[in-house]
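Subject: Structure handover

Hello,

Here is the structure for your files. My notes follow it.

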Amino acid sequence: EADNRTVHIRTEVKNYADHRETIQVVNKLSNANGGQTFRLVEEVTLEAGETKIVEQQAVVEQAELWSPERPYLYSLASMIKRDGGKRTTDEITTPYGIRSFSWPCFRQDGDGRFYVNGVPTFINGVCEYEHQFGQSHAFSHEQVAARVKQIRAAGFNAFRDVHQPHHLD
């Protein structure tokens with residue numbers, strides 16, 4: 001079972017300018033209530049046109065684990081800062097679940113079960129089509145939430161988008 005408390009982050013940065021730039025790569029993890037879990041800062045100097053991969057990691061003590069029964073998500077904000085960290089010039093936020101999983105083919109222990117966070121988990125899923133009579137292929141957030149409630153109420157714990165994936169807004 002892997003250590004599911006360590007968050008590993010790889011951020012690719014590129015200098016599109018025609019001169020050397022020094023930036024800060026900042027990754028901040030916040031819990032579901034918006035409280036900061038950690039903030040990682042690394043100063044990086046890039047030559048004109050250069051691309052680098054910045055690797056950072058941090059341990060989340062007492063992590064709230066994602067599971068099919070309780071899909072807890074953190075928010076990972078990745079930022080590029082300039083002027084000594086005073087000015088943010090790029091930022092993206094990614095929903096982030098902390099969990100471990102274990103496939104039987106990699107364990108070689110004779111146990112044919114799939115595990116999530118050390119608990120045997122049966123994956124029972126559906127193929128989800130984003131179709132509803134009289135509607136287009138882009139469900140609203142409310143329609144997506146209602147569809148997830150229907151899937152869960154029917155006893156499923158997984159789904160796969162089929163043909164037309166859900167909107168990304």
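How many bridges join β2 to strand β5? Seven, and the two strands run antiparallel. Strands here are DSSP runs (E, at least two residues), numbered from the N terminus. Two strands count as paired if DSSP finds at least two bridges between them.

Before the rest, some ground rules. This is a predicted model, in which local features need pLDDT of at least 70 and side-chain atom pairs count only at pLDDT 80 or more, while totals for chains, interfaces and linings use all residues. Residues are numbered from 1 along each chain as its sequence is written, and side-chain values use heavy atoms, with hydrogens and water left out.

**The sheet**

Four strands form an open sheet, in the order β3-β2-β5-β6, with antiparallel pairing. β3 and β6 (87-96) are the edge strands; each has a single partner, so one side of each has no neighbour in the sheet. From one strand to the next, the twist averages 15°. That angle is taken between axes fitted to C-alpha atoms (for helices over the stretch in contact), on a scale from 0 to 180 degrees between N-to-C directions.

β2 covers residues 21-30. Eight of its 10 residues are buried, so the rest of the structure largely encloses it. Buried means under 20% relative accessible area, exposed means over 50%, and partly exposed lies in between (1.4 Å probe, protein chains only).

On one side, β2 pairs with β3 (residues 36-46) over 10 antiparallel bridges. Ile23 has Val44 as its bridge partner there, and Asn27 stands opposite Leu40.

**The cores**

The largest nonpolar core has 12 residues, among them Val7, Ile9, Leu29, Phe38, Leu40 and Tyr74. Such a core is a set of buried Ala, Val, Leu, Ile, Met, Phe, Trp, Tyr and Cys residues joined through side-chain atoms within 4.5 Å. β1 (6-14), β3 and β5 each supply at least two of its residues. A second, separate core holds seven residues, including Val13, Val25, Leu46 and Ile80.

Phe38 touches Val7, Ile9, Asn27, Lys28, Leu29, Ala58 and Val60, leaving aside residues up to four places away in sequence. Contact means heavy atoms within 4.5 Å.

**Charges and cysteines**

There are eight salt bridges. The criterion is a side-chain nitrogen of Lys or Arg within 4 Å of a carboxyl oxygen of Asp or Glu.

- Arg10 and Glu55 meet at 3.0 Å, N to O. They link β1 to β4 (residues 51-59), 45 residues apart. Arg10 is exposed at 59% relative accessible area, and Glu55 is exposed at 54%.
- Arg20 and Glu47 meet at 2.8 Å, N to O. Arg20 is in the β1-β2 loop and Glu47 in the β3-β4 loop, so the pair ties together parts 27 residues apart in sequence. Arg20 is exposed at 53%; Glu47 is partly exposed at 38%.
- Arg107 bridges to Asp109, with the closest N and O atoms 3.0 Å apart. Arg107 is partly exposed at 23%, as is Asp109 at 45%.

The structure has zero disulfides (pairs of cysteine sulfur atoms within 2.5 Å). Cys105 is exposed at 51% relative accessibility. Cys127 is partly exposed at 42%.

Best wishes
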